[in-house]
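Please keep the sequence and the model in view while reading.

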Amino acid sequence: MKQRIPGPIAVSLLAAVLIVIPSLARGAEPATNASAEKAAPDRFYGSVSKVDTNKNTFTVGDQTFVVTAETQVTKKDGEKGSLADAVVGEPARGTYTKKSDGTLNVTKVRFGKKANSKGGGAGKSGGKKKAESGAATESK
């Protein structure tokens, strides 16, 4: 006598197999994604405390960053710049990657405040404070 698996059980087993196999295949992906996330550059922001054009480095806080040939440097006016545009006391912001030897290689950096920046950022209260304080507004 042949034994048959009832219909609902067969369907359940088939569904389980169709769910488990792709899940097992995806199990290897998080490690790949995690390594890709680690390779993504980290961000930095702060005032420049030291510039060494001989070593192609600048320091922000307690971190010394290396400017390489691949580094994209931007001046405060948005134009292409160089390490010579870094001024002690002015802000620098950008991204970097950390090499296995601990070196922090800059991928992108902007030296100085953005041109036309008024220092407070362009939040929701951008024009409100000015209007509330009674200051005259300029029409364009």
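## Asparagine 105

Strand β5 contains asparagine 105. The model is a predicted one. Asparagine 105 has a relative accessibility of 16% and is therefore classed as buried, since the cut-off for buried is under 20%.

Beyond the residues within four places in sequence, asparagine 105 contacts Val66, Thr68, Thr95, Tyr96, Thr97 and Lys99.

## Threonine 57

Threonine 57 belongs to strand β2, which covers residues 57-60. Its relative accessibility is 12%, so threonine 57 also counts as buried.

With neighbours within four places in sequence set aside, the contacts of threonine 57 are Lys50, Val51, Asp52, Thr64, Phe65, Val66 and Leu83.

Strands β1 and β2 form an antiparallel pair with four bridges. Lysine 50 has threonine 59 of β2 as its bridge partner. Strands of a sheet pair through backbone hydrogen bonds, in either a parallel or an antiparallel arrangement.

## The nonpolar core

The largest nonpolar core comprises 15 residues. Phe44, Phe58, Val60, Phe65, Ala92, Val109 and Phe111 have the most contacts inside this core. At least two core residues come from each of β1 (42-52), β2, β3 (63-74), β4 (91-98) and β5 (104-111). The greatest contribution is that of β5, with four residues. In soluble globular proteins, nonpolar side chains tend to be buried together.

Phenylalanine 65, one of the residues with the most contacts inside the core, touches Phe44, Asn56, Thr57, Phe58, Val60, Tyr96, Leu104 and Val106 when residues up to four places away in sequence are not counted.

## The chain as a whole

The protein chain has three helices and five strands. Along the sequence they follow the pattern α-α-β-β-β-β-β-α. Of the contacts with a separation of 6 or more, 55% join residues 24 or more positions apart.

Of the 140 residues in the protein chain, 19% are buried. The chain's accessible surface is about 11000 Å², and carbon and sulfur atoms account for 54% of this surface.

Notes. Residues numbered from 1 in each chain as written. Predicted model: local features only at pLDDT ≥ 70, side-chain atom pairs only at ≥ 80, totals over all residues. Heavy atoms only, no water. Buried < 20%, exposed > 50% of the residue type's maximum accessible area, 1.4 Å probe, protein only. Contact = heavy atoms within 4.5 Å. Core = buried A, V, L, I, M, F, W, Y, C linked by side-chain atoms within 4.5 Å. Pairing = 2+ DSSP bridges. Areas by Shrake-Rupley, 256 points an atom, 1.4 Å probe, with all protein chains shown as cover.
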